[in-house]
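Here is my notebook from a first look around.

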Amino acid sequence: MARYTVFMYKKSDAPEVDPETLAAQLAEHDAYAREMLEEGVMIFGSPLEDHDATTSIRADSLVDGPFVEINEVIVGFYVLEVPDLDAAVAIARRNPILHQGGGVEVRPMPGDDGPGAAEDAPA
Amino acid sequence: MSRPGTGRPGTPGSGGAPRGAAAAAREAEVADTVAAAHRGHWGSVLAATVGLTRDLDLAEDCVQEAFVQALTAWREDGVPGSPGGWLATTARRRALDALRRGETLRRKLPLLIWDEAAPADEAAPSAEAASVAEADEAGPARIADEERAVVRDEQLRLIFLAAHPALAPEARIALTLRLVAGLTTAQIAAAFLVGEATMAARLTRAKKRIVLSRIPCRVPGAGEIDARLVDVLDVVSVLLATGERAGGEDVLHAAVRILEVLAELRPRHPEVQGLLAQALLLQARAATRHDARGRPVALAQQDRGAWDRGLVQRADALVIGALARGGRGPYLLQGAIAAAVAVPARHEDVDWDEVVALYDALLAHWPTAIVRLGRIVALGEARGAAAALAQLETLGAELDEHRPFHVIRAELLGRIGAHEEAAEALRTALERRGPEGESALLRELVRGA
């Protein structure tokens, strides 16, 4: 089994949607998360609060807000556990954000067979 | 059977010179056999070995060593009845030794995903659940049979792995030539006109991407195979375009072999048949496309008598069968165009109106400037150079950097007697990038103009 983090992105200048549309969109995300849980492929996932709510820290500073302004911001993420990339992509493709004007990135996480794996890790 | 070492050197009558010549001939013969086995079996031997090592680099090393070992072993013991089987056994034995020697060697990176069972038999995840659901709709018994046939062919796994949509397009082409066709990095670099170091880096990065992302080495399940098949055809199509150049024979052979394997997997897939037809026609004409000095020969001047008629007929039958089954996809249309041009015994007998109509259908799939250029060439044959030139000018802005555009323009201008402009177009063509053999021909034409 392999783990992937799926990052969900939205344009930072995306127009605000009316409350009804927003409720419908969130319902889609809830349903999608439930499906993944039932399929046993999701380990963890969460939406993120607004990009502006970020606290940025460097060695010598602490700043209210993101360090860099970017066009696309992460609005949520999921950690999946599936056999391979094909399975991860098939699940990520169903993410409702794809027809809500956003996009996703699928990023592999090092597994127990990867660099630094323990000698006695199961094959 | 005589064995090396049993003869006593220096014994009177052992006749050093003739025996040396015989040995040299034998050596050359074995080298040829090994080279032929390399072309014919490299991909399947690698596939058989990767299943064991689940590490592409280690498997490639073992296969390479098996071929080196074959040079000596086949000279001493004779060529085995099944060279491919011998090579696979030898490579796998080396792989086992290597795995025993250094477990950590393959631990530097995650192992390749290589499930033993057919995807549909695997437990649960949704992608496969979806493909099973679609398989049920299409008729479970038939799909189950296909799936079993599918998993038996390990080479297919590597074909689909190398053309995986998560890899960058140029990486797919390089990996296909390396993992499926067994071309060396230097050969691949030469075919694509890039430096060897650049190509080596591209291959390394692509292999790393496969293991880090866990791109599975498997034949896609019923639900996704049609889309994935098109990805493979797209790669092979680039190989054909490359194989068309002088010196591209290895690439062309590789493309044909991949298509033959795909045609076994999906014997009635019109797009596979269309592209296979196109590849076979390129092979049929291979000997006449360039002259002895490597200069390209125009289609009208090629010696049709020297074309391989068996290959032409096979390609024609593939196209006719696929069209009869209702295929109208772009690769089949390209195959139909190539067949329409190649089947007649004389250039004058080609039905160019039909070729133009086929190009119109192809444009509905691929409305690109290159396809329009092909249509204009056919139009020039069907309706005359003036009609073709009128349309050609509309492509001038888009194809100005494309050498064939200027070569075609020069040819059409020459046909309507505009020799000054034709010479100017030839000079422009020479300024554009292109194969050296073609440049040599263009220089001669410019001098003669």
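My entries below cover chain A and then a pair of helices in chain B.

**Entry 1: before starting.** I reminded myself that this is a predicted model.

**Entry 2: chain A, its elements.** I looked up the secondary structure and found 2 helices and 6 strands in chain A. Reading from the N terminus, I noted the order β-α-β-β-β-β-α-β.

**Entry 3: chain A, its extent and contacts.** I checked how far the C-alpha trace of chain A reaches along its principal axes, and got about 50 × 45 × 20 Å. Next I looked at burial: 19% of the 123 residues of chain A count as buried. I also took the contacts in chain A between residues at least 6 apart in sequence, and 78% of these join residues at least 24 apart.

**Entry 4: two helices in chain B.** How do two packed helices get described? By the angle between their axes and the distance between the axes. I noted the crossing of H19(B) and H20(B) as left-handed.

**Entry 5: who meets whom.** Which residues does H19(B) bring to H20(B)? I listed Arg403(B), His406(B), Val407(B), Arg409(B), Ala410(B), Leu413(B) and Gly414(B). On the H20(B) side they meet residues including His419(B), Glu421(B), Ala422(B) and Leu426(B). Sorting the residues of this contact between H19(B) and H20(B), I have 7 nonpolar, 4 polar and 3 charged.

Definitions and conventions:
Residues numbered from 1 in each chain as written. Chains lettered and ligands numbered in written order. Predicted model: local features only at pLDDT ≥ 70, side-chain atom pairs only at ≥ 80, totals over all residues. Left-handed = near helix turned anticlockwise from the far one by under 90°. Helix = DSSP H or I, 4+ residues; strand = E, 2+ residues; numbered from the N terminus. Contact = placed C-beta atoms within 7 Å. Nonpolar A, V, L, I, M, F, W, Y, C, P; charged D, E, K, R; others polar. Buried ≥ 20, exposed ≤ 12 C-beta atoms within 10 Å, placed from the backbone.
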